[in-house]
Amino acid sequence: MKITNEIYINNLGFADDIILVAKNPTELRQMLNDLHSRSTKVGLKMNKSKTKVMFNNLTLPADIKIDGQTLEHVNNHVYLGQLFSINADSEREIKRRISYAWDKFGKLSRYLQDQRYPLALKKKIFQQCVVPVIMYGSETRTVTKKMAKKLNAAHTAMERKRLDVKWQDHTTNETIKQKTKMPDLMDRILRLRWKWAGHIARMTDNWAKDLTMWHPSSKRKPGRPRKRWAEEIKKFHGNNWHNIATDREKWSSMEEAFIQQWRTTG
């Protein structure tokens, strides 16, 4: 994947979890065989059942084999805890986050829903063990108003369970928030995104910054395009936002205005 004339990314790695990026199936076969061969020489073995192949919409799928075993072709796959998909489906990943958060909430329900424990303790457990699950990776993900409603709805439902407040009690969400004194979930996500944008902009000689500013050469499909991560930042401060973000204090001072604009326009 060509980012600039000097930068060409063909792999991403974290410990023994590796992503290979190729221009075509032939190149991918060569890269996989090289990886397999060199790994074998140092006593490492590729787990073929966990190794998946994804093709973008501009490439015809083809069989990719290692030692005669055909690797599974998928349209989405979880890597380092996040769902990667061909069509950049953020909504599906958000649904996963909500599901995992409910699972974590259920495992901690003996503390979170037991009225014998003080509210302050339950709040600390909720903030440290449940909220990070639902917010994982949120600073690098686009969120529409529809997705934001789903996130806030799940967050509020968990708060109601912590207080043992049923829907039949006709208690408003505002009243719930006043009792729990929990910060708004979307506010926290937007703050993280704004801080991450500033962090990226202030990077020097780093491919992560080049990748963030990169624009694919191929055209989008017909129809309404999906939102890109940087579009919300550009909407607030134009195409030169990364130049402004190099000033840490100035960028930080604009955080509240960004959140207010997002809530107004989305």
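Does Lys-150 count as buried, partly exposed or exposed, and what is its relative accessibility? At 28% relative accessibility, Lys-150 counts as partly exposed. Here buried means under 20% relative accessible area, exposed means over 50%, and partly exposed lies in between (1.4 Å probe, protein chains only).

This is a predicted model, in which local features need pLDDT of at least 70 and side-chain atom pairs count only at pLDDT 80 or more, while totals for chains, interfaces and linings use all residues. Residues are numbered from 1 along each chain as its sequence is written, and side-chain values use heavy atoms, with hydrogens and water left out.

**The chain as a whole**

The chain holds 13 helices and eight strands. These are DSSP runs numbered from the N terminus: helices are H or I with at least four residues, and strands are E with at least two. The C-alpha trace spans about 60 × 45 × 40 Å along its principal axes. Of the 266 residues, 35% count as buried. The accessible surface comes to about 16700 Å², and 51% of this belongs to carbon and sulfur atoms. Such areas come from the Shrake-Rupley method with a 1.4 Å probe; for residues, only the protein chains shown count as cover.

A contact means heavy atoms within 4.5 Å. Among contacts between residues at least 6 apart in sequence, 58% join residues at least 24 apart. Leaving aside neighbours within four places in sequence, Asp-187 is in contact with Ile-259 and Arg-263. Asp-187 and Ile-259 are 72 residues apart in sequence, and their C-alpha atoms are 6.8 Å apart in space.

**Salt bridges**

Side chains of opposite charge can pair when their charged atoms come close. A salt bridge is counted when a side-chain nitrogen of Lys or Arg is within 4 Å of a carboxyl oxygen of Asp or Glu. By this rule there are 16 salt bridges.

| Pair | N to O distance |
|---|---|
| Glu-91 and Lys-150 | 2.7 Å |
| Arg-97 and Glu-93 | 3.1 Å |
| Lys-195 and Glu-255 | 2.8 Å |

The salt bridge of Glu-91 and Lys-150 links distant parts of the chain: Glu-91 is in helix α2 (residues 90-107) and Lys-150 is in helix α6 (residues 145-163), 59 residues apart. Glu-91 is buried, with a relative accessible area of 19%.

Arg-97 and Glu-93 both lie in helix α2, four residues apart, which is about one turn of the helix. Both residues are buried.

Lys-195 and Glu-255 also form a salt bridge. Lys-195 lies in helix α8 (residues 185-201) and Glu-255 in helix α13 (residues 255-265), so the pair ties together parts that are 60 residues apart in sequence. Lys-195 is partly exposed at 47% relative accessible area, whereas Glu-255 is buried at 9%. Elsewhere, salt bridges that share partners join Glu-93, Arg-96, Arg-97 and Arg-141 into one network.

**A hairpin**

Strand β1 (residues 11-14) and strand β2 (residues 17-20) pair in the antiparallel sense over four bridges. Two strands count as paired if DSSP finds at least two bridges between them. Leu-12 stands opposite Ile-19 in β2. The hairpin has two residues between the strands, and Ala-15 takes a positive phi near 55°.
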